[in-house]
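I would ask you to keep the structure in view while I speak.

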Amino acid sequence: MMAGAEKFVEADNAEAIITRIEHKSRKIESLLKQNKPVEALKTALEGSSHMIRDERCKSANWIVVHRALMAIKDVEGMFSSLDPEYLYRGLSTGDRPTCDQCLRIHEKLTERAGLGCILRSLADTVNTV
Amino acid sequence: MAAVAVHQFAQCITCHAWSPDHSMVAFCPNNNEVHIYKLVNDKWEKVHVLQKHDQIVSGIDWSGKSNRIVSVSHDRNSYVWNREGPEWVPTLVILRLNRAALCVRWSPKENKFAVGSGAKTVCVCYYEQENNWWVSKVIRKKHDSSVTSVAWHPNNILLATTSTDGKCRVFSTFIKGVDTRESKTGSSSDPKFGEQIVQLDLSSSWAFGVKWSPSGNTLAYVGHNSMIYFVDDIGPSPLAQNVAFRNLPLRDVLFVSEKMVIGVGFDCNPMVFAADKSGLWSFIRFLGERKESLSGPKSGSQFSEAFGKLYGQAKHGLSNDTVEPSKIQGAVHDNCINCIALLNKKGSQTKRFSTSGMDGKVVIWDLGNQQDLKEYL
């Protein structure tokens, strides 16, 4: 039963998180250079982004995830534990290549996880990315 | 085939309830009336139309022992209908609501009924013998949004409610003069009317369809985020299980035994949930046959099926007072199922229930021939 006592990662300040995200970003760039987009995406999704409340941190995190997401060529081979929330954030940008990629991944995700998964991410207004 | 009978009564049904002997069914055909149909010689005939409400009837319940119907409506009123000879005589129950009434349930002893409303309140009504009328007591606190569903614990005192604020709550509805105190625990431990026993905040989205298990030990309710929640040990530290499933959300649930729950909703197909020996709940399977996926090669048969439905609709016009029982096709309901009711015959072992939905059909299901589910019954 949820007691509602979430431990916020940025108990102190958002700066620490931004530094962490920048560190992640460097790791991802190097993984992409080595042609390892799936590894890059895994790295990008590390860290509990749901706990972050600060909008700047969320945006910074999104930029890093977006970079890794767009680098994925083989959507089939991708592991499907990507949070649907990221896909909706991508679709909301309206940017053509981003939307194309997100829709492709969304289709695969729906096949594997079903409609319930989509409903859960739509219904959840608390844990957003 | 689990579905044993399908009846197309109207274009859309809001809710339904059965008479004590299951020979008659009362439902609202998405308007301000309650229609009662009786099964006569294998054909359903309209025998009564109860017309008192001004707006859509959102809830109907038929008491099993006292044979009374209670109906509630968006017109903020409720009526208790008593059978006097060939007629149903209505008694207005003043709920003092300023928003629509959404759901209603008779208590197990049938001396009270509870109404959930859009005014964020629950009205518990009881009969006052001296004045020969029904009195309403209101639970005003706690709910932050509309109360979508109410369910009575077998002890006739505890009431569970679900709300569009996402929470499920259990209240005491103890009324002096109507309920008897359990003297062994002493009067100080008996909760007062309207006292909240527990609040369950498991869903981040609207909650619907709460029901207690036959013994009252387990509570089940659904969230609009395609989840179903099972809660044991209602009290200071309840044990909750969140079961997520792949499909569209549910609207209502029914305990067919202590260990089996049927959920119905937007997938138009009843879902079976069961608890294993260790008490862990999970989704077992769908009860009806699944619809063919659109990408299949059978588009020709889909066209003819749709054509057949149109043709079938023309035969069962709304002005028709008799309804032929129709043949059972593959996918039984074609629109959201929003109401499920238990249909057990007294003394019989068979487990039957009925569902009604936005497609205007009432379907009767029998679990007797479902071999793989027998262990849970």
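Predicted model: local features only at pLDDT ≥ 70, side-chain atom pairs only at ≥ 80, totals over all residues.

Residues are numbered from 1 along each chain as its sequence is written, chains are lettered from A and ligands numbered from 1 in the order in which they are written, and side-chain values use heavy atoms, with hydrogens and water left out.

Let us turn to chain A. How many helices and strands does chain A have? There are six helices and zero strands, where a helix is a DSSP run of H or I with at least four residues, a strand is a run of E with at least two, and both are numbered from the N terminus. Read from the N terminus, the order of elements is therefore α-α-α-α-α-α. Of the 129 residues in chain A, 40% are buried; buried means under 20% relative accessible area, exposed over 50%, and partly exposed in between, with a 1.4 Å probe and protein chains only. Chain A exposes about 7300 Å², of which carbon and sulfur atoms supply 56%; such areas come from the Shrake-Rupley method with a 1.4 Å probe, and for residues only the protein chains shown count as cover. Taking contacts in chain A between residues at least 6 apart in sequence, 71% join residues at least 24 apart, a contact being heavy atoms within 4.5 Å.

Next, please look at helix 6 of chain A, residues 115–123. Its buried residues are Gly116(A), Cys117(A), Ile118(A), Leu119(A), Ser121(A) and Ala123(A). These buried residues pack against helix 4 (84–91) and helix 5 (96–113) of chain A. Two packed helices are described by the angle between their axes and the distance between the axes. For helix 5 and helix 6 of chain A, the angle is about 115 degrees and the axes are 6 Å apart. Axes here are lines fitted to C-alpha atoms, for helices over the stretch in contact, and angles run from 0 to 180 degrees between N-to-C directions. Helix 5 of chain A is thus roughly perpendicular to helix 6 of chain A, since angles of 65 to 115 degrees count as roughly perpendicular, under 35 as roughly parallel, over 145 as roughly antiparallel and the rest as oblique. On the side of helix 5 of chain A, the contact is made by His106(A), Thr110(A) and Ala113(A); helix 6 of chain A contributes Leu115(A), Cys117(A) and Ile118(A).

I come now to the cysteines. How many disulfides are found over all chains? The search of the whole structure finds zero, a disulfide being a pair of cysteine sulfur atoms within 2.5 Å. For Cys99(A), the nearest cysteine sulfur is that of Cys102(A), 6.6 Å away. Cys99(A) counts as buried, at 13% relative accessibility.

Is Ala2(B) buried or exposed? Ala2(B) is buried, at a relative accessible area of 1%. Ala2(B) and Gly288(B) are 286 residues apart in sequence, yet 6.5 Å apart in space, C-alpha to C-alpha. Leaving aside neighbours within four places in sequence, the contacts of Ala2(B) include Leu287(B), Trp365(B) and Asp366(B).

Finally, consider strand 20 of chain B, residues 227–232. Five of its six residues are buried, so strand 20 of chain B is largely enclosed by the rest of the structure. Strand 20 pairs with strand 19 (residues 218–223) of chain B in the antiparallel sense over six bridges, where pairing requires that DSSP finds at least two bridges between two strands. In this pairing, Met227(B) is the bridge partner of Gly223(B). Six bridges also join strand 20 of chain B to strand 21 (residues 239–244) of chain B, again antiparallel, with Asp232(B) opposite Leu239(B). Strands 20 and 21 of chain B form a hairpin with six residues between them, and Asp233(B) in the turn has a positive phi of about 55 degrees.

Thank you for your attention.
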